[in-house]
Amino acid sequence: MPVPEIPVQAPPAPPPGLDAPIDPEVARGVAVGEAEPAETFREPLPEAPERAPRAAEVYRHVQAGEEFQEVRREYRRFVFPACAAFLAWYLAYIVAAVTLPGLMAHQLAGPFTVAWALGLLQFGSTFLITWLYARHARDRRDRLALGLRWETQDRLR
């Protein structure tokens, strides 16, 4: 059976003005009528090494302050116990899965087992800890940290 020939069509012509060759001066970033690229007229940026020792001194001063230490204490007061609790909960799930396969295979409803329930609770506890962390940060640390940020920015001006 012969294969029918499909007519080949030429691509449509570009819109007027787009088929013109590209001017090399425009492609280089030189505006028409200028002799130099626009970048040569910018003011030089201030040198970073002059500001770096002063900034380091300001940050060290803020870090040594009581407000910063309070932010760190509040952070640690939540994060360390929350991490320890979640790690213990996760390891208990793994140990139960390895040492108590009969319990983990116990069906709760249809094909839904204890292992499935505890696995889904892992996700639930992750979201709960995230929500508690955000609430703790908002209630106990954000105002202090914002005050430190403004103090630091004011000293660097």
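Start by selecting Glu-74: this residue is buried, at 8% relative accessible area (buried is under 20%, exposed over 50%, partly exposed in between, with a 1.4 Å probe and protein chains only). The model is predicted: local features need pLDDT of at least 70, side-chain atom pairs count only at pLDDT 80 or more, and totals for chains, interfaces and linings use all residues. Residues are numbered from 1 along each chain as its sequence is written, and side-chain values use heavy atoms, with hydrogens and water left out.

Arg-77 is partly exposed, at 48% relative accessibility. Both residues sit in helix 3 (residues 66–99), three residues apart, about one turn of the helix. Helices are DSSP runs of H or I, at least four residues long, numbered from the N terminus.

Next, select Glu-66, Glu-70 and Arg-73. A network of salt bridges links these three residues. Zoom in on Glu-66 and Arg-73: their side chains form a salt bridge at 2.6 Å, N to O. Glu-66 is exposed, at 51% relative accessibility. Arg-73 is partly exposed, with 36% relative accessible area.

Now go to helix 5 (residues 114–156) and pick Glu-151 and Arg-155, four residues apart, or about one helical turn. They form a salt bridge, with the closest N and O atoms 3.2 Å apart. Glu-151 is partly exposed at 25%. Arg-155 is also partly exposed, at 35%.

Definitions and conventions:
Salt bridge = Lys/Arg side-chain N within 4 Å of Asp/Glu carboxyl O. Helix = DSSP H or I, 4+ residues; strand = E, 2+ residues; numbered from the N terminus.
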